[in-house]
Amino acid sequence: ATFVLSFLTLVSIGTMLLMFPALKQGETPVDFIDALFTAVSASCVNGLIVVDTGVFWSRKGQIVIMVLVQLGALGVVSFATFFALFFRTGFSIRQQSMLQEQLSSDSLFSAQGLLRKVVRYTLSIELITFVFIYLSWGNHLQFESIGEKIYFSAFHAISSFCNAGFTLFSEGLNSPALSEAYALHLSVLFAVILGGIGFPVLQDIFSPELRKEREKKHWKRLKLNSRISIRVSVVLLLAGMGFMFFLEHDKSLSHLPLGGKLVASIFQSGITRSAGFNTVYIDQMYTPTLIILICLMFIGASPGSIGGGIKTTTFYVIIKSAIATVRGFTRVEISRRYIPSEIVYKALFIFVFAIAYTTMGTFLLSITDHDQPIIYLFFEQVSAFSTVGLSTGITAELSSAGKFIILVSMFIGRVGTLTLALSLSTRVSTTHYKYPSAHIMVG
């Protein structure tokens with residue numbers, strides 16, 4: 001409850017601040033639902049918007065959104081670490097293990113060290129991204145001053161690494177001045193991928209101690225979680241790029257040269273799983289492409305990261321479990337390691353819960369906003385639940401009830417997994433017994 005309350009507090013403060021007239025431009029008053037929607041989207045690092053961030057909000061309002069994004073991005077990992085340490089003696093072993101697993105750490109004490117490194121990695125990568133973005137503007141966009149250029153670079157650097165997808169351009173990175181700014185696109189993609197790969201993986205790759213240990217002991221490899229996260233991420237990135245290029249080369253990508261089509265394809269493939277930036281118009285894509293993007297959004301980023309979705313490792317465990325079942329194996333094995341049935345069951349639970357929730361959300365949206373195409377509503381719902389932030393452009397057109405459904409989906413998609421895991425971690429009586437087996441026909 002404290003975990004959820006902390007996020008609700010952040011959203012409440014953000015909503016109240018965004019209601020102040022000084023935080024918007026022009027005379028148009030701020031609707032409460034729009035302020036609440038923006039605060040939830042920023043705190044949950046989603047990126048779906050109902051008002052134009054660069055036009056509707058003043059510089060002060062944009063800074064509030066940027067702060068909400070930064071705090072929201074660090075929230076899940078930081079709060080999980082806090083609970084793992086503070087309640088180390090008060091929680092059951094099972095609950096401690098679940099919190100430890102949320103961080104993909106070897107122990108609760110390593111989780112404490114990870115918290116410090118989370119902040120260090122975040123600030124370091126955001127600084128590097130800021131430099132790359134600052135140098136990538138080139139002549140594509142003319143700024144009024146150096147200060148404005150620095151501000152735009154900082155805003156998009158934070159939004160990129162935090163997988164938020166907020167941008168100060170009305171048409172996103174697909175605005176006429178930036179549609180062919182390929183160095184900028186790749187800089188943003190670089191930060192999004194690092195933000196979505198997971199802090200434990202970053203620690204495993206970049207930690208000087210671990211790298212020195214692997215140099216001395218050549219038989220040591222990256223941890224299994226890191227290998228799976230990287231492997232699945234690369235496969236999804238290349239597969240999404242291939243589908244995007246093949247399906248859209250004569251439609252949404254038709255105006256770009258060959259090199260531009262390749263950059264746009266890999267950009268949209270990588271961005272779709274974590275953040276809500278776009279360099280092409282989503283509503284101009286073919287329906288099969290939208291289905292591919294929905295699948296990528298649903299899978300999402302890696303565990304222990306800022307991104308959402310069911311997570312790459314969950315997807316991998318489900319695939320390996322299905323293969324093992326088809327081949328008649330009784331156990332799931334990955335890289336000569338046995339995967340306990342508890343992890344398989346948990347992966348299946350997350351998958352079923354995500355499917356059920358997105359289906360229910362789409363059904364409700366089809367009632368509240370029946371004038372919108374069902375594929376657009378499904379796309380919007382999956383994007384919200386997976387905290388991606390991509391949209392076909394219907395977010396601002398949704399009814400108040402539709403916006404409420406989406407903002408609830410954003411919140412549940414951001415904090416729901418950890419909360420559900422804790423709520424289901426009730427103490428159980430002994431399971432050292434076995435009922436007689438029963439045969440049930442399935443399939």
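Start with the cysteines: the structure holds zero disulfides. This is a predicted model, so keep that in mind at each stop. A disulfide is a covalent bond between the sulfur atoms of two cysteines. Select Cys44. Its relative accessible area is 0%, and Cys44 is buried because buried means under 20%. Now pick Cys295. Cys295 is partly exposed, at 43% relative accessibility.

Leu17 has a relative accessible area of 34% and counts as partly exposed.

Move on to charge. Select Arg211, Lys212, Lys216 and Lys217. The four gather on the surface as a patch of positive charge. Focus on Lys216, which sits in helix α10, residues 208-216. With a relative accessible area of 73%, Lys216 is exposed, because exposed means over 50%.

Last stop: helix α15, residues 341-368. Thr362 has its place there. Is Thr362 buried or exposed? Thr362 is buried, with a relative accessible area of 8%. Now select Ile405 as well and draw a distance between the two C-alpha atoms. Thr362 and Ile405 are 43 residues apart along the chain, and their C-alpha atoms are separated by 9.2 Å.

Terms used
Residues are numbered from 1 along each chain as its sequence is written. This is a predicted model: local features need pLDDT of at least 70, side-chain atom pairs count only at pLDDT 80 or more; totals for chains, interfaces and linings use all residues. Side-chain values use heavy atoms; hydrogens and water are left out. Patches are made of residues with over 30% relative accessible area and no salt bridge: like charges are joined within 9 Å, nonpolar side chains (Val, Leu, Ile, Met, Phe, Trp, Tyr) within 5 Å. Accessible areas come from the Shrake-Rupley method with a 1.4 Å probe; for residues, only the protein chains shown count as cover. A salt bridge is a side-chain nitrogen of Lys or Arg within 4 Å of a carboxyl oxygen of Asp or Glu. Lys and Arg count as positive and Asp and Glu as negative; His and the chain ends are not counted. The place of a charge is taken as NZ of Lys, CZ of Arg, CG of Asp or CD of Glu. Helices (H or I, at least four residues) and strands (E, at least two) are DSSP runs, numbered from the N terminus. Buried means under 20% relative accessible area, exposed over 50%, partly exposed in between (1.4 Å probe, protein chains only). A disulfide is a pair of cysteine sulfur atoms within 2.5 Å.
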